[in-house]
2 protein chains.
Amino acid sequence: MDSYIERINSFIKNLDKETLLALSNISSERKFKKGDLLLSENEICRKSYLILHGIARKYYLNDGKEVTTELYFENDLAVSFESYTLQQSSKEYIEALTDITVSITFYEAFQEAKIKYPKLLALDLMFAEYYGMWLENRLFQFHTMSATDRYLDLIKKSPHIVQFVPLTIIASYLGISLETLSRIRAKI
Amino acid sequence: MDSYIERINSFIKNLDKETLLALSNISSERKFKKGDLLLSENEICRKSYLILHGIARKYYLNDGKEVTTELYFENDLAVSFESYTLQQSSKEYIEALTDITVSITFYEAFQEAKIKYPKLLALDLMFAEYYGMWLENRLFQFHTMSATDRYLDLIKKSPHIVQFVPLTIIASYLGISLETLSRIRAKI
DNA sequence: ATTTTTATTTGACATAAGTCAAATTTCTTG
DNA sequence: CAAGAAATTTGACTTATGTCAAATAAAAAT
């Protein structure tokens with residue numbers, strides 16, 4: 001399933017010139033500073049953010065408490081999926097955890113481009129499929145793995161994470177309390 | 001987000017005749033009996049099953065124990081997403097929980113049709129988007145809700161479920177033990 | 001209908017993880 | 001570098017849920 005990213009990348013690389021140009025014409029680069037919000041609750045997610053450099057996260061508030069749903073690293077695509085797809089107001093925030101550089105693509109422009117360039121439609125489908133598989137895997141972890149195993153899996157896949165992301169955020173990403181995470185780490 | 005199904009259905013309804021014909025040409029109806037497996041572990045999921053009538057489920061084995069990942073009712077689309085998308089061998093089973101009637105569409109034929117009829121590509125994207133939103137919602141439940149609340153939510157959305165689906169399966173779908181589910185039900 | 005099998009409930013106890021408070025460590029910032 | 005703020009750890013205790021075994025209840029088969 002990880003190989004799917006490579007398939008997506010090679011698909012992009014092999015796009016014809018017009019399609020590539022169309023894509024780059026509707027994208028632009030921008031920087032954000034640590035702590036900046038790329039998206040807030042109640043806003044409509046009208047842009048997708050491809051992380052070029054740095055770390056970001058997505059979270060929502062559940063009775064006042066932040067619940068982190070995704071961590072973004074280089075080459076990840078950050079959007080609030082439901083808000084972006086339905087163009088409805090978002091329940092989620094997207095926040096820069098470090099200074100970041102992103103490539104922004106507007107929803108509206110991408111929608112139009114997809115009509116003119118069906119390969120972009122195919123690309124969009126690949127992104128959605130990848131996200132679906134990622135979600136299935138994450139669901140599997142919540143469905144069947146203990147907090148300890150979820151943590152171990154996380155640091156196996158992203159060993160560097162602990163240096164850059166505060167434990168509060170990691171705990172909430174794992175769906176456990178900060179104290180439990182601290183105890184898990186103490187045991188290992 | 002539930003309204004998205006209506007949007008998909010009206011999208012299908014409004015498809016041009018050729019596209020609709022192409023779609024119906026690669027689909028066929030079939031019946032299965034209660035207990036039949038539509039897909040087994042280690043098979044490649046080469047078909048999608050639109051449930052026309054009856055109930056089915058998807059599950060995998062986790063050290064010998066069945067973990068139900070999805071329950072399918074009328075108009076739901078049953079596939080093992082990762083196996084279908086990557087055309088790799090499946091970790092999941094799909095099983096008829098009652099006698100069912102389904103509309104089968106072959107992966108290969110649908111892939112070809114998508115090239116010729118970009119609207120089918122758009123339709124496929126909508127299916128993937130819907131599944132993504134469904135998964136996000138399910139993840140939200142595991143991430144933040146208690147077993148009791150997950151159960152209450154389930155019977156709110158599918159009140160009939162308890163009459164047709166054994167509690168063992170419901171418990172595994174909710175990610176709790178059969179005994180815990182029994183106690184939750186006793187309290188309410 | 002009676003038996004056998006399967007599904008569900010109940011009891012007693014074990015374990016994972018949460019909560020609240022306090023202590024300690026680490027990071028910021030003047 | 002010192003002082004204050006923020007992040008992390010630790011302790012004591014609570015709560016949710018799991019496990020194993022046994023008891024019922026319901027369904028299927030003879």
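These notebook entries record what I looked up in a predicted model.

**Entry 1: the two chains**

I began with the relation between the copies. Two copies of a chain are related by a rotation about an axis and a shift along it.

**Entry 2: aromatic pairs**

I next turned to the rings. A pair of aromatic rings is described by the distance of the centres and the angle of the planes. My search of the whole structure gave 12 aromatic pairs over all chains. For A:Phe81 and A:Tyr131 I noted ring centres 4.9 Å apart and planes at 45°, so this pair is tilted. The pair links distant parts of the chain, since A:Phe81 belongs to helix H3 (residues 81-86) of chain A and A:Tyr131 to helix H5 (residues 118-144) of chain A, 50 residues apart. I recorded both A:Phe81 and A:Tyr131 as buried.

In chain B I looked up B:Tyr84 and B:Tyr107. Their ring centres are 5.0 Å apart and their planes stand at 85°; the pair is therefore edge-to-face, the term for planes over 60 degrees apart. Here too distant parts of the chain are linked: B:Tyr84 is in helix H3 (residues 81-86) of chain B, and B:Tyr107 is in helix H4 (residues 107-116) of chain B, 23 residues apart. B:Tyr84 and B:Tyr107 are both buried.

I returned to chain A and found that ring pairs join A:Phe81, A:Tyr131 and A:Trp134 into a cluster.

**Entry 3: charges over rings**

I also looked for arginines over ring faces. A:Arg138 lies over the face of A:Tyr173, at 3.9 Å from the ring centre.

**Entry 4: helices of chain A**

How do the axes of H5(A) and helix H6 (residues 147-157) of chain A cross? I found that they come within 10 Å and cross at roughly 145°. H5(A) contributes A:Asn137, A:Gln141 and A:Phe142 to the contact, while H6(A) contributes A:Arg150, A:Asp153 and A:Lys157. By class, I listed 1 nonpolar, 2 polar and 3 charged residues in this contact.

I then examined helix H8 (residues 167-174) of chain A. Of its 8 residues, 6 are buried, so the helix is largely enclosed by the rest of the structure. The buried residues of H8(A) are A:Ile169, A:Ile170, A:Ala171, A:Ser172, A:Tyr173 and A:Leu174. Just after H8(A), I noted a positive phi of about 75° at A:Gly175.

**Entry 5: two loop residues**

My last entry concerns loops. I located B:Gly35 in the loop between strand S1 (27-32) and strand S2 (37-39) of chain B. Its relative accessibility is 40%, so B:Gly35 counts as partly exposed. Leaving aside neighbours within four places in sequence, I found B:Gly35 in contact with B:Glu95 and B:Ala96. The C-alpha atoms of B:Gly35 and B:Ile100 are separated by 10.0 Å, although these residues are 65 residues apart along the chain.

I located A:Ser40 in the loop between strand S2 (37-39) and strand S3 (47-53) of chain A. Is A:Ser40 buried or exposed? Its relative accessible area is 19%, and buried means under 20%, so A:Ser40 is buried. Leaving aside neighbours within four places in sequence, A:Ser40 is in contact with A:Ser90, A:Glu92 and A:Tyr93.

How values were computed:
Residues numbered from 1 in each chain as written. Chains lettered and ligands numbered in written order. Predicted model: local features only at pLDDT ≥ 70, side-chain atom pairs only at ≥ 80, totals over all residues. Heavy atoms only, no water. Phe/Tyr/Trp six-rings, centres within 6.5 Å; stacked < 30°, edge-to-face > 60°. Helix = DSSP H or I, 4+ residues; strand = E, 2+ residues; numbered from the N terminus. Buried < 20%, exposed > 50% of the residue type's maximum accessible area, 1.4 Å probe, protein only. Lys NZ or Arg CZ within 6 Å of the ring centre and 35° of its normal. Axes fitted to C-alpha atoms, helices over the stretch in contact; angles between N-to-C directions. Contact = heavy atoms within 4.5 Å. Nonpolar A, V, L, I, M, F, W, Y, C, P; charged D, E, K, R; others polar.
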